[in-house]
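Take a look at the sequence and structure first.

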Amino acid sequence: MRHRLRVTDLGALEAAVIEKRLRWCDENIGPKDHSSATPRLGYETLLLRYLGLSEKDVPVVSESDAEITWLSRNACATLDACAQLDIATSTVCRSVYEKPTQALLSCLDPELRFVRHYSEVRPEHPHCKETILRLDFGEMMSIALAEARESRTTGNKGYGATVVLGDRVLSSAHDTASTEGDPSLHAEVNAIRSAVHVVGDTDLCGAILFSTCEPCPMCSALAVWANVTTIVFGASIEQTARLGKSRIQVSAAEIVERSPGWVEVIGGLMAQECLDLYR
């Protein structure tokens, strides 16, 4: 691991780990896993099955139907390599392993979300505190829908977005391009800008962008540059274009596919409710 950290770009390492974990999911996760996907199953799949650890290595300190939290105390090659190279462990774990961990959990159910508590990581602490929680995507999209309805009342075009990290809503916003005379002020732009100010960091790794409509190429690219982990949208560009909306017909998935980073794209959430905004 020390040699790989010394000679390989962190983005390339992340891509390699994602590919490895997704391949493992294809080979090892079946329909039964999907049907019973809970935070406990996510913990067992990630730590016990994939990483081959024991519960003694990763003792659970709190658990409910909605979340499971544990303390990682296992031997860690990355931790050792970072110490030898004088690199912050948190930097490497966030840049290389956080999205791959989410990619694996999303193979079970995208509503299972991984959270690493960076205030408690090794070597500053004797453990790394980590959580898998279940996030209600429908509840988060409802916040975006409320923003879209507010947009209409203010004289804008009826788009809404929200940014969520873990189970914390960082921001919610609607488009203000019409009222502020700035064509860049789409709902997603406003939500991402607000979220960045809330966390005090341009890196939104771990965050989900919810949008009532599939982000346009500008907004999808911004999500990539902000390093969000997941984009979830309701109505698609294609669907709204058929309703007469002026859209650049390039999908969010295509923007992500051509980008240097990995972003999960999930469409069709509450699609009918979102489409009703644009009829």
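Predicted model: local features only at pLDDT ≥ 70, side-chain atom pairs only at ≥ 80, totals over all residues.

Residues are numbered from 1 along each chain as its sequence is written, and side-chain values use heavy atoms, with hydrogens and water left out.

**Cysteines**
- There are zero disulfides here, a disulfide being a pair of cysteine sulfur atoms within 2.5 Å.
- C25 is in no disulfide, and its nearest cysteine sulfur belongs to C107, 3.2 Å away.
- C25 is also buried, at 3% relative accessible area (buried means under 20%, with a 1.4 Å probe and protein chains only).
- C274 has its closest cysteine sulfur in C213, but at 8.2 Å that's too far for a bond.
- C274 is buried too, with 0% relative accessibility.

**Helices α4 and α6**
- Helix α4 spans residues 39-50 and helix α6 spans residues 89-108 (helices are DSSP runs of H or I, at least four residues, numbered from the N terminus).
- Their axes come within 10 Å and cross at roughly 125°; axes are lines fitted to C-alpha atoms over the stretch in contact, and angles run from 0 to 180 degrees between N-to-C directions.
- The contact (heavy atoms within 4.5 Å) involves L41, G42, T45, L46 and Y50 of α4, plus T101, L104, L105 and L108 of α6.

Definitions and conventions. Buried < 20%, exposed > 50% of the residue type's maximum accessible area, 1.4 Å probe, protein only. Helix = DSSP H or I, 4+ residues; strand = E, 2+ residues; numbered from the N terminus.
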